[in-house]
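Here are some notes to read beside the model.

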Amino acid sequence: MEHMITINGAQFALDIFNPDCAERYETAVNRMASQIKRMQDEKAELSFADNIRRQCKAVTGCLDELFGEDAARHILGEETNLRSCLQAFGSLVSQVNRQKQELDDIILSAQKGADPAMTHDESAD
């Protein structure tokens, strides 16, 4: 079953249950985080506008890496600003976290099914 996520009305397939998709997500997010960390280290040397521009570029690069070329433009439109970039990234992370929670719930359910002691209702004691 393929999971779809929607960011600003644009839909993309991203199934965090698939190890290749999970790796692509982790790689894109880690690359973006490294870029932002580098920017923070250089913050005193950057103008306010350049700082915003580079943060936007880091987010749009992450989206393009994850969903393909021009995905960021499809999500954000022709003009981007830091607010819209951060909102789009927040939406992505939130939806991935929901998929991770679903995976955790499935694993917990499977563990309970495999271990009769875990299915014991302690409230009945």
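1. His-3 and its contacts. Leaving aside neighbours within four places in sequence, His-3 is in contact with Phe-12, Ala-13, Leu-14, Asp-15, Phe-17, Gln-99 and Glu-102; contact means heavy atoms within 4.5 Å. This is a predicted model: local features need pLDDT of at least 70, side-chain atom pairs count only at pLDDT 80 or more, and totals for chains, interfaces and linings use all residues. Residues are numbered from 1 along each chain as its sequence is written, and side-chain values use heavy atoms, with hydrogens and water left out.

2. His-3 lies in the segment before strand E1 (4-7); strands (E, at least two residues) and helices (H or I, at least four) are DSSP runs, numbered from the N terminus. His-3 counts as buried because its relative accessibility is 13%. Buried means under 20% relative accessible area, exposed over 50%, and partly exposed in between (1.4 Å probe, protein chains only).

3. Polar contacts of His-3. The side chain of His-3 has a polar contact of 3.4 Å with that of Asp-15 and one of 3.2 Å with that of Glu-102. A polar contact is a pair of N or O atoms within 3.5 Å; within protein, one must be able to donate a hydrogen and the other to accept it, and residues adjacent in sequence count only if both atoms are side-chain atoms.

4. Gln-55. Where does Gln-55 sit? The place of Gln-55 is in helix H2 (residues 48-67). Gln-55 is buried, as its relative accessible area is 18%. Not counting residues up to four places away in sequence, Gln-55 touches Met-39 and Leu-82.

5. How many disulfides does the structure hold? The structure holds zero disulfides, a disulfide being a pair of cysteine sulfur atoms within 2.5 Å. Cys-62 is in no disulfide, and the nearest cysteine sulfur, that of Cys-85, is 11 Å away. A disulfide is a covalent bond between the sulfur atoms of two cysteines.

6. Cys-85 counts as buried at 0% relative accessibility, and Cys-62 is buried with a relative accessible area of 1%.
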